[in-house]
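Please read the numbered points with the sequence and the model side by side.

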Amino acid sequence: MAYRPEPDRDSRPWWERIARREFAVQECASCGTPRFPPRAFCPLCRTEGCRWREVAPVGTVESWIVNHQPFVPGRLDPYLVVMVRLEAVSGCLVYGNWRSERPPEHGERVVGTFTEVTEDLTVLDWAPAAAGGVHGHPSGRTSLQ
Amino acid sequence: MHNVTYVPKRLLEFRNVTAIAGVGYTPFTKDSGVSTLTLACRAVLAALEDAGLTADEVDGLATHRVGDSAPPTLVGPALGLSDLAWHLDQFGGGSVSHAVVGQAALAVAAGLAETVVCYRAINARSEFRMGGTGRGVPVSPEVQYQAPYGYVAPPQQFAMYARAHMLRYGTRAEHFGRLAVTQRAKAVKNPRALMRTPITLDDYLSSRWIAEPFRLLDCCLETDGACAVVVTTAERARSLRRPPVLISGAAWGGGTSHLSGAGADPTVTAAAALAPRLYAQAGLGPGEVDVAELYDCFTYSVIVQLEDYGFCAKGEGGPYVESGATALDGPLPVNTHGGFLSEGYVHGLNHVAEAVSQLRGDAGDRQVPGAEVALSTSQPGYILPATSALILRRA
Ligand SMILES: [Zn+2]
């Protein structure tokens, strides 16, 4: 395990949905523009007010790293972090650990997969679209292998 | 969409109105054995000595920090400065380093203060490791979307952007390696540099992985040390000990966020938006820059800035370095002191000081003959959507 996320007053509802294995983004109540991460204001029309919209966690691979340095105390195994361009929100990059035995490919289509890290913490990781995903990964490990 | 067109209206009142009159350093080490307050005082006094001034003449102090160092409100009293006319305690990392000097220049140009010393003092190896190893996660809302994946440190983040650039433009490990080798060759000629043993491309390619695609030799040093520069009016600087170096342009801001929500293009930095404003302030373009000290927290950050500051086309930064253009005898010598990769890492200020040294012509074996204009830049706006930079000119 790495660090536990620290939800704030903007993000707590989002994390609660993730815990229920639901991927949602905010949608502006005025102009309908989706946004992520969770924030009070729409950056386009600058109004408050939004609704949650459940979206398919799909995107494409923008980049990735394979970490070797123990930046997280106690985590010594090489692990892969992927940067994904999220389909549901224009211009949005999100991160996660990579859930496949093979490395990602540039531009490949990926799907989110929920990982139960501990009993009270679930995070969203990413896997090749062809492999399915979405319904969750049985392992509690967050590293590549 | 937000799209402000900046029309400079008061250029003549800022361009070349202020100057850097002195620079000062402590030695760069891996363990200073003293507090950041001590380092700050030593660098401030060294810069004043260089300028031929005494602390009694200082009426402003400025620094940037991330909660890791002594602020002006400690350094002032420690040096017996009881009534500073102006000070700045800028929160932020490498992306604001040059904004501190720019704001000092503004304060001097506006007449709020006459002699401002900008400093940065860090124990970035022995106390608060800048690379992230062994310290807690920085506090930012963005962290919650990254840290759970073990994605917490600058080497990881810049490696991520570097691979995006490699994938899109064909930038290769050999390009990063050539940059590291070229900068080391300059550090060999710099008595202040921590790393003075030449390296080869093979040394680079065989150095251990930190976060693929980054190897150890892609990463800057973590350094204990301090650096300071004295900002005053150009008029006053002309009567001081050293040849003045004019501040022709100072810009900060720029760009969009590369955080989760707004990563439009991870291969373009805030520098691309800032550069036209900076050049307009100084009244020149990239073709007139003789020396560039580009923020090199990692090899890749130099390559992307070569593109975003207009020295080569987008995507051509790697081949540009490979051509030898950034070597000491190339058309654009970059990081003439060896940079953070080989001289030491003082979070931006040692780039400013080196630019001053080159323009004064006192850079010794690594002097670029006839250097008249220098660009010095901060972290180009990854992690936070802002950067800052200076254009300096020999008086
Ligand atoms: Zn809206």
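1. In this predicted model, Phe214(B) is buried, with a relative accessible area of 0%. Phe176(B) is likewise buried, and its relative accessible area is 0%. The ring centres of Phe176(B) and Phe214(B) are 6.2 Å apart and the planes stand at 85°, so the pair is edge-to-face. Since Phe176(B) belongs to helix H6 (residues 173-187) of chain B and Phe214(B) to strand E6 of chain B, the pair ties together parts that are 38 residues apart in sequence.

2. A second ring pair deserves attention. Tyr295(B) and Phe340(B) have ring centres 4.7 Å apart and planes at 80°, so this pair is also edge-to-face. Tyr295(B) sits in the loop between strand E9 (291-293) and helix H10 (299-308) of chain B, and Phe340(B) in helix H12 (residues 339-342) of chain B, so the contact ties together parts that are 45 residues apart in sequence. Both residues, Tyr295(B) and Phe340(B), are buried.

3. Over all chains, the count of aromatic pairs comes to 19. Ring pairs join Phe176(B) and Phe214(B) into a cluster with Phe158(B), Tyr161(B), Phe298(B), Tyr300(B) and Tyr382(B).

4. Two arginines are placed over tyrosine rings. Arg75(A) lies over the face of Tyr79(A), 3.7 Å from the ring centre. In chain B, Arg192(B) lies over the face of Tyr25(B), at 3.6 Å from the ring centre.

5. Strand pairing crosses between the chains. Strand E4 (residues 58-67) of chain A runs antiparallel to strand E5 (residues 209-212) of chain B, and 2 bridges join them. Here Val66(A) stands opposite Glu212(B). E5(B) is also joined to strand E6 (residues 214-215) of chain B by 2 bridges, again antiparallel, with Trp209(B) and Arg215(B) as bridge partners. E5(B) and E6(B) form a hairpin with 1 residue between them.

6. For residues 52-105 of chain A, an unreviewed UniProt entry lists "domain: ChsH2 C-terminal OB-fold". In the model this span is 0% helix and 48% strand, and its end C-alpha atoms lie 31 Å apart.

7. Is helix H4 of chain B enclosed or open? Of its 14 residues, 11 are buried, so H4(B) is largely enclosed by the rest of the structure. Among the buried residues are Ser97(B), His98(B), Gln103(B) and Val108(B). At 1.5 Å a residue, H4(B) (residues 97-110) should span 20 Å, and the 21 Å between its end C-alpha atoms agrees. Gly111(B), with a positive phi near 85°, follows the helix.

Conventions: Residues are numbered from 1 along each chain as its sequence is written. Chains are lettered from A and ligands numbered from 1 in the order in which they are written. This is a predicted model: local features need pLDDT of at least 70, side-chain atom pairs count only at pLDDT 80 or more; totals for chains, interfaces and linings use all residues. Side-chain values use heavy atoms; hydrogens and water are left out. Helices (H or I, at least four residues) and strands (E, at least two) are DSSP runs, numbered from the N terminus. The expected span of a helix is 1.5 Å times one less than its number of residues. Buried means under 20% relative accessible area, exposed over 50%, partly exposed in between (1.4 Å probe, protein chains only). UniProt positions are given in the numbering used here, feature names are shortened, and annotations may be inferred rather than shown by experiment. Two strands pair if DSSP finds at least two bridges between them. Rings of Phe, Tyr and Trp (its six-membered ring) pair if their centres lie within 6.5 Å; planes under 30 degrees apart count as stacked, over 60 as edge-to-face and the rest as tilted. A charge sits over a ring if NZ of Lys or CZ of Arg is within 6 Å of the ring centre and within 35 degrees of the ring normal.
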